[in-house]
Amino acid sequence: MHPAAIITGASRGIGRGIALELAALGYDLIINYAGNETAARATAADCLARAKAATRTIRAETCQADISLAPDRQRLIEFAKDRFGRLDLLVNNAGVAPTVRADILEAGEESFDRLININVKGPYFLTQLAARWMIDQVQSSQAPKAVRPKIVTISSVSAYTASTNRGDYCVAKAALSMLTPLYAARLAEHGINVYEIRPGIIATDMTGPVKAKYDDLIANGLTPIQRWGTPEDVGKAVAAIAQDLLPFSTGEVINVDGGFHLRRL
Ligand code: NAP
């Protein structure tokens, strides 16, 4: 039986990059999305092709669910139980930027509530559901001895970097960063390791509207590794975790940011 993963927000961008890397490793995949069914189906098809190229056979299923809504989170987990009957990896990737970037002296509560609901509450309670299922699996005598489920959450350099024109996003990502230490501490006794991946500037639809600004910043030395990050860069970090290459590390933050976080003088 193949290992199985749920990746939230896998229709596009970073989630899609993660799905492709896991496909190459032979993971069965639940490709979650919010509304873009066409993109989700394309990702699923591309994952099958990617697995085939790596001489693997996998299953890739798409599942619409808005992770900010409790019934949708429950439905996503039930869908995964029904399709694959096991969960080896949850990747909390889905997240949104504010629709309009607004100065913190002007920004309204509506955008704040939206970002907290999707970027924090969604992964926080989806992790709770997934963790309960993972514990059951580990404790089940049916489970193969090798089962060591894992949880990965995609936060952002915005967890610690102040952008005064999108405070709601920064506050949400800072809050999200507490998910990993909490669940790492709680789940270690069950052999479930929990990780945070903190991407820097990654080329996706999310950063499309600010491409010119970031092109300039990168060209002027914002990041020691002087290029945009790609969804594949993040996918490879998740792949390392998925292969259990960090077995004695939990609660760890892995920066995938071209060195953005380094203080330099
Ligand atoms: P993206 O290209 O805009 O893709 C967002 C993905 O999330 C899509 O698959 C979208 O589904 C899904 N999604 C949005 N709202 C959802 C909801 N309520 N429920 C379920 N799925 C939802 O974004 P991205 O750049 O790949 O970002 C992915 C994650 O990385 C986010 O958490 C983001 O904050 C984080 N991140 C991004 C960057 C960057 O530079 N791009 C940097 C650091 C961190 P649909 O296709 O159906 O809309």
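Reader: Which hand does the crossing of α1 and α8 have?

Author: The crossing in which α1 passes α8 is right-handed. Keep in mind that this is a predicted model.

Reader: What else describes two packed helices?

Author: The angle between their axes and the distance between the axes describe such a pair. Here α1 covers residues 13-24 and α8 covers residues 231-242; their axes are 7 Å apart, and the helices pack at an angle of about 45°. Because of that angle, α1 is oblique to α8.

Reader: Which residues of α1 and α8 meet?

Author: From α1 come G13, I14, G17, I18, E21 and L22. They meet P231, E232, V234, G235, K236, V238, A239 and A242 in α8. Sorted by class, this contact of α1 with α8 holds eight nonpolar, three polar and three charged residues.

Reader: Now α4 and α5. At what angle do their axes cross?

Author: At roughly 20°, and the axes come within 9 Å. Angles under 35 degrees count as roughly parallel, and therefore α4 and α5 are roughly parallel to each other. The crossing of α4 past α5 is right-handed.

Reader: What residues make that meeting of α4 and α5?

Author: In α4 they are S111, F112, L115, I116, N119, V120 and P123; in α5 they are D168, Y169, V171, A172, K173, A175 and L176. The contact of α4 with α5 divides into ten nonpolar, two polar and two charged residues.

Reader: How do α4 and α6 lie, roughly parallel or roughly perpendicular?

Author: Start with the angle: the axes of α4 (residues 109-139) and α6 (residues 179-187) cross at roughly 15° and come within 12 Å. So α4 is roughly parallel to α6. On the α4 side the contact is made by P123, Y124, T127, Q128, A131 and I135, and on the α6 side by L179, L182, Y183 and L187. This contact of α4 with α6 has eight nonpolar residues, two polar ones and no charged ones. Here too the crossing, α4 past α6, is right-handed.

Reader: That covers helices. How is empty space found?

Author: Rolling a probe the size of a water molecule over the atoms shows where empty space is left. In this structure the largest pocket has a volume of about 1,100 Å³. It is lined by 46 residues, and the closest to its centre are G95, V96, A97, Y169 and M206.

Reader: Which elements each supply at least two residues of that pocket's lining?

Author: They are α1, β2 (28-33), α4, α5 (167-176) and α7 (211-219). By class, the lining of the largest pocket has 20 nonpolar, 18 polar and eight charged residues.

Reader: And how many cavities of 30 Å³ or more does the structure hold?

Author: One. The volume of the largest cavity is about 30 Å³. Its lining consists of N92, N93, A94, N119, P123, T153, I154, K173 and L176. The elements giving two or more residues to this lining are α4, β5 (150-154) and α5. By class, the lining of the largest cavity divides into four nonpolar, four polar and one charged.

Methods:
Residues numbered from 1 in each chain as written. Predicted model: local features only at pLDDT ≥ 70, side-chain atom pairs only at ≥ 80, totals over all residues. Heavy atoms only, no water. Axes fitted to C-alpha atoms, helices over the stretch in contact; angles between N-to-C directions. Helix = DSSP H or I, 4+ residues; strand = E, 2+ residues; numbered from the N terminus. Parallel < 35°, antiparallel > 145°, perpendicular 65-115°, else oblique. Left-handed = near helix turned anticlockwise from the far one by under 90°. Contact = heavy atoms within 4.5 Å. Nonpolar A, V, L, I, M, F, W, Y, C, P; charged D, E, K, R; others polar. 1 Å grid on protein atoms, 1.4 Å probe; cavity = no way out; pocket = protein on both sides within 12 Å on 5 of 7 lines; lining within 4 Å. Points joined across faces, edges and corners; volume = space filled by probe spheres on them.
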